[in-house]
Amino acid sequence: MTQTTVEKSPVSLLGLGAMGTALARTWLAAGHPLTVWNRTPARTTLLAAHGAKLADSAAEAVAAHALVVVCLLDDASVEEALAGTDLAGRDLVNLTTCTPAQARDRAEWAHERGARYLDGGIMAVPPMIGVPAAGGYVFYSGSRELFDRHRETLAVPAGTVYVGRDAGFAALHDMALLSAMYGMFAGAAHAFALIRKEDIDPVSLAPLLADWLVAMAPAVHRTAERLRSGDYTQGVVSGLAMQVAGTPAFLSTAEEQGVSPELIRPYFELMRRRLAEGGGEEDLTGVIDLLVR
């Protein structure tokens, strides 16, 4: 019987923080030849023991393989690390957290240096990397050809979701979802603060809170449909006028409990502004238009 070995695509990885290290370990475990570089060499020792080749400089790592993945602290770190490297003919995948404008500028910067560019927004924390059941994935935007060429390799650490040729779209999707996450955390923080001084176990509140948030989550689909249609009144169950009328109770409860309303007051103020503009029969969708300058 003849055994066929499938050769895995080699990867150069720049950046070995918690996320970069998780990426590196996953590619090594899957059999991908890996060359790594990190500003602090000490972080490369354990990876070398697992088969990674250590580069003495970013330029050496870039030269090692066609596929170069960057996972650094910020956009300025990417500029600094890649300064003086020869990117001509390289496939540069940038997984560094940045803004959409920075991603677009970085794509142009890479193209001027002869590289193909793909930007990524990681929707996962390091423990989720390499664990398909954890549900982590990465948004990718930029060159579709580049994404298709390396899709199997990029899918090893986490799922892949391509969101468009505009290099800024991965960062935009990343920031949109994380902004919603922090909004949820803000609401949860206010909820826990309300019971903080009472004889109520926060552990007993937690499942009630989690289940309620899950039950409310499908509202984002209705919001999206209304934004697409432009009709903010269709199928509204709880109108803006009724919801605004209830906001004083939330603020009074916060005052009674000795809790600052700073996390919820701004949203209530937007609701009142939309109502004053005549949106009483709408749901909360119109608040979005107040945020867009």
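## Histidine 32

Histidine 32 sits in the loop that runs between helix 1 (18-29) and strand 2 (34-37). The model is predicted. Histidine 32 is buried, because its relative accessible area of 6% falls under the 20% cut-off.

A polar side-chain atom of histidine 32 lies 2.7 Å from the backbone oxygen of serine 9.

## Threonine 21

Helix 1 holds threonine 21. Is threonine 21 buried or exposed? Threonine 21 is buried, because its relative accessible area is 14%, and the cut-off is under 20%.

Neighbours within four places in sequence set aside, threonine 21 contacts Leu16 and Leu47. Alanine 124 is 103 residues from threonine 21 in sequence. In space, the C-alpha atoms of threonine 21 and alanine 124 are 14 Å apart.

## Helices 4 and 5

Two packed helices are described by the angle between their axes and the distance between the axes. Helix 4 covers residues 75-82, and helix 5 covers residues 100-112. Their packing angle is about 15°. Their axes are 11 Å apart. How are helix 4 and helix 5 oriented, roughly parallel or roughly antiparallel? They are roughly parallel to each other, because the angle of about 15° is under 35 degrees. Helix 4 passes helix 5 in a left-handed crossing.

From helix 4, the contact draws on Asp75, Val78, Glu79 and Leu82. From helix 5 come Gln102, Arg106 and Trp109. By class, the residues of this contact between helix 4 and helix 5 are 3 nonpolar, 1 polar and 3 charged.

## Glutamate 108

Glutamate 108 belongs to helix 5. Glutamate 108 is partly exposed, because its relative accessible area is 47%, between the cut-offs of 20% and 50%.

Glutamate 108 and cysteine 71 are 37 residues apart in sequence. Their C-alpha atoms are 18 Å apart in space.

## Helices 7 and 8

Helix 7 spans residues 169-195, and helix 8 spans residues 202-216. They pack at an angle of about 145°. The distance between their axes is 11 Å. Helix 7 passes helix 8 in a right-handed crossing.

Which residues of helix 7 meet helix 8? They are Met184, Ala188, Ala191, Phe192 and Ile195. Helix 8 brings Pro202, Leu205, Ala206, Leu209 and Leu213. The residues of the contact of helix 7 with helix 8 divide into 10 nonpolar, no polar and no charged.

## Helices 10 and 11

Helix 10 is made of residues 240-256, and helix 11 of residues 265-276. The angle between them is about 145°, and their axes are 10 Å apart. Helix 10 passes helix 11 in a left-handed crossing.

On the helix 10 side, the contact involves Leu240, Ala241, Gln243, Val244, Thr247, Phe250 and Leu251. On the helix 11 side are Arg265, Phe268, Met271, Arg272, Arg274 and Leu275. How many residues of the contact of helix 10 with helix 11 are nonpolar, polar and charged? They divide into 8 nonpolar, 2 polar and 3 charged.

Definitions and conventions
Residues are numbered from 1 along each chain as its sequence is written. This is a predicted model: local features need pLDDT of at least 70, side-chain atom pairs count only at pLDDT 80 or more; totals for chains, interfaces and linings use all residues. Side-chain values use heavy atoms; hydrogens and water are left out. Helices (H or I, at least four residues) and strands (E, at least two) are DSSP runs, numbered from the N terminus. Buried means under 20% relative accessible area, exposed over 50%, partly exposed in between (1.4 Å probe, protein chains only). A polar contact is a pair of N or O atoms within 3.5 Å; within protein, one must be able to donate a hydrogen and the other to accept it, and residues adjacent in sequence count only if both atoms are side-chain atoms. Axes are lines fitted to C-alpha atoms, for helices over the stretch in contact, and angles run from 0 to 180 degrees between N-to-C directions. Angles under 35 degrees count as roughly parallel, over 145 as roughly antiparallel, 65 to 115 as roughly perpendicular and the rest as oblique. A crossing is left-handed if the near helix is turned anticlockwise from the far one by less than a right angle, and right-handed if clockwise. Contact means heavy atoms within 4.5 Å. Ala, Val, Leu, Ile, Met, Phe, Trp, Tyr, Cys and Pro count as nonpolar, Asp, Glu, Lys and Arg as charged, and the others, Gly among them, as polar.
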